[in-house]
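The sequence and the structure are shown first.

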Amino acid sequence: MADTVQVKICGLTNLADAQTAVDFGADLIGFIFASSPRQVTLKEVRDITDNLKGDAATVGVFADHDLSNVQQIAADCDLDYIQLHGSESPSYCQKIERPILKAFSIKDQESLEDLKKYDVDKYLLDTYDPDKIGGTGETFNWDLAIEAKKYGPIFLAGGLKPDNVNQAIEKVNPAGVDVSSGVELRAGKKNYRKVKRFIHNAKKSEGY
Ligand SMILES: O=C(O)c1ccccc1NCC(=O)[C@H](O)[C@H](O)COP(=O)(O)O
């Protein structure tokens, strides 16, 4: 049986969607401060987290932001994790005083070379796309994710959906799975049936 897998629902933009994800059992919920159709403001995230019931960890997603900007937002929103989704250096990551999910765009074997330079809490593997840094809706070769586990705990992202998340967990046995577009009605608005099925199917792998 697979180990306990953490489920992160990303790209949340409003309280109703965030509360639904938490109520269905999400372990982490992600808010995108990077440029994205799912981008949120500090005020929007404060409004969500101030009113949210439950104990999911909150994740702020940034890409090549000024360090001081990240630290300020993290403090103002009391974020539990910082997800760095750009080309932040290892020394930049060391300066963040909160647990880090460092995202890596995976294209081929060579993409894994970057991981060995970083000492972070979690390695989030996402699909390489020349035009998007996240939310691609596309999977990558999961054999590379299996190989990446030698560097530390990985979160598998990229093109996961209710219908393939169980297969992904059975194959890769990651520390966590992450989804954004695969559980949406449209960019920035979640489909509750898909959110429920995604979390159910991910947790099913643990024998739930
Ligand atoms: O989702 C976005 O729009 C996004 C934009 C810029 C940086 C990061 C972004 N998403 C971060 C995530 O953690 C997503 O969940 C991850 O990329 C997977 O997305 P998807 O393939 O749509 O499930």
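The text below moves from the chain as a whole to its ligand surroundings and then to one residue.

The model is predicted. The chain contains seven helices and ten strands. Its overall dimensions are set out in the table.

| Property of the chain | Value |
|---|---|
| Radius of gyration | 16 Å |
| Box filled by the C-alpha atoms, along the principal axes | roughly 40 × 40 × 30 Å |

A compact globule of 208 residues would have a radius of gyration near 17 Å, so the value for the chain agrees with that form. Buried residues account for 43% of the 208 residues. Of the contacts between residues at least 6 apart in sequence, 54% join residues at least 24 apart.

UniProt, in an unreviewed entry, places the feature "domain: N-(5'phosphoribosyl) anthranilate isomerase (PRAI)" at residues 7-200. This span is 31% helix and 22% strand, and its end C-alpha atoms lie 10 Å apart.

Around the ligand there are 25 residues, of which Cys10, Gly134, Gly135, Ser180 and Ser181 come nearest. The elements giving two or more residues to this shell are β2 (28-32) and β8 (176-179).

Glutamine 19 belongs to helix α1 (residues 15-23). Glutamine 19 counts as partly exposed because 18 C-beta neighbours lie inside 10 Å. Leaving aside residues up to four places away in sequence, glutamine 19 touches Leu52 and Lys53. The C-alpha atom of glutamine 19 is separated by 9.7 Å from that of alanine 56, 37 residues apart along the chain.

Notes: Residues numbered from 1 in each chain as written. Predicted model: local features only at pLDDT ≥ 70, side-chain atom pairs only at ≥ 80, totals over all residues. Helix = DSSP H or I, 4+ residues; strand = E, 2+ residues; numbered from the N terminus. Buried ≥ 20, exposed ≤ 12 C-beta atoms within 10 Å, placed from the backbone. Contact = placed C-beta atoms within 7 Å. UniProt positions renumbered as here; feature names shortened; annotations may be inferred. Near = placed C-beta within 6 Å. Rg over C-alpha atoms; globule rule 2.2 N^0.38 Å.
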